[in-house]
Amino acid sequence: MAGLLPEEIARLTEGGASFPSYRLKQIYEWTRRGVLSFDDMNNLPPEMRKSLKSRFRLFSSAVSAVLEDEDGTVKFQITLEDGNKIEAVILNDGKGRKTACLSVQAGCPAACVFCKTGALGFTRNLKAGEITEEYIFLKKHAPDISHIVIMGMGEPLFNLEELRKASGFFCDKEGFNISRRRITLSTSGIVPGIRDMADNGPDLKLALSLTSAREDLRARLMPVAKDNPLTLLKESLVYFQKKQKSRITLEAVLLGGINTGTEDARALSCFARGLDAVINLIPWNPVDGLLFEGKALSPPPESEIAEYEAALKNRGLNVTRRYKKGRGVMGACGQLGGCP
Ligand code: SAH
Ligand code: SF4
């Protein structure tokens, strides 16, 4: 029941003894505050709490482990009601900003060669309630979380319907009331999904995991690129930006010796032309056992990152680097999907 909007709670409680709307609102307020049991809803009459307890579960999932890195990253392992496990992370930038990184699928069907979640294969989409439960668990641990990134396990544009419902919950003025500008969805670049999001929401900030703007290399690294070629992808971004004026992020995972050369910088700057975009460089976070065409992947050395960054900046691009937090608990980008 946590993670439901008041009208959804009303629908759920219609059968049997239904409750007056102010009571439903009280339940909603409690779930938003992160109580973990009906017993804690102390402004509800005891018999109502008892009735709720016998008829409903407040949470369908449960936190099975919490791992804290010394850099402030906290990784939550969550077990879903069917036994599947997912992960969600609190990121701490060290300057006071805390961000919840949420998962949308158990596993991921996109199978990017550099990503641990991709190596797991795909199990299922998460329900909106399961996504909002992740947030409630994190918020309980760190009430000062101010931002959300949909960058955990899975491809959000393959689960857009449930994500729409979950963002309704996050942004509800009577609920968590998070500004849409503080929520970023990261996608591997699913063209119909980007267009759907532009037309029908959710109206969130967009990040595209571009990684390479060389058609052939991108398709070898990210199998979804075969169905979503760069020209169509670019068109969909232009369309998205026409509708929704905010700046987009182009993320590039940097793989040592693979996608950091002069030709890569040229292709990336060509792709970015005409978009209001910032490039976010993410040096690859190691995951054991991942191979690219038979060879082990490796993070680029600092000199290679700096050179690539300079090459992009020389081409007039706006470039930032992602801090590599959370590696100590395998909670950094692309490392989610199992115990360290
Ligand atoms: N599926 C979505 C969101 C989750 S992945 C997407 O792909 O955008 C979040 C980010 O982590 C993406 O930008 C992805 O390219 C990046 N990533 C995946 N594996 C990584 C790794 N091992 N090291 C660094 N970044 C990685
Ligand atoms: Fe899926 Fe994103 Fe990992 Fe690719 S990088 S396999 S899309 S989670």
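Modeller: For the charge count, Lys and Arg are positive and Asp and Glu negative, with His and the chain ends not counted; each charge is placed at NZ of Lys, CZ of Arg, CG of Asp or CD of Glu. On that basis the chain carries 47 positive and 41 negative side chains, and the centres of the two sets sit 3 Å apart. Bear in mind that this is a predicted model, where local features need pLDDT of at least 70, side-chain atom pairs count only at pLDDT 80 or more, and totals for chains, interfaces and linings use all residues. Residues are numbered from 1 along each chain as its sequence is written, chains are lettered from A and ligands numbered from 1 in the order in which they are written, and side-chain values use heavy atoms, leaving out hydrogens and water.

Now the context. There are 11 helices and 14 strands, taken as DSSP runs (H or I, at least four residues; E, at least two) and numbered from the N terminus. The radius of gyration is 21 Å against 20 Å from the globule rule for 340 residues, so the chain is as compact as a globular protein of that length; the radius is over C-alpha atoms, and the rule is 2.2 Å times the number of residues to the power 0.38. Along the principal axes, the C-alpha atoms fill a box of roughly 70 × 40 × 35 Å. Of the 340 residues, 56% are buried (under 20% relative accessible area with a 1.4 Å probe, protein chains only). Among contacts (heavy atoms within 4.5 Å) with a separation of 6 or more, 66% join residues 24 or more positions apart.

My pick is Val224, in the loop between α8 (215–221) and α9 (230–243). What does Val224 touch, leaving aside residues up to four places away in sequence? The partners are Ala110, Phe158, Ser188 and Ile190. The C-alpha atom of Val224 is also 9.1 Å from that of Pro109, although 115 residues separate the two along the chain.

Staying with that stretch of sequence, strand β8 (residues 183–187) pairs with β9 in the parallel sense over 4 bridges (at least two DSSP bridges make a pair). One bridge links Ser186 to Ala207 in β9. Strand β9 (residues 205–209) is mostly covered, with 4 of its 5 residues buried.

Conventions. Buried means under 20% relative accessible area, exposed over 50%, partly exposed in between (1.4 Å probe, protein chains only).
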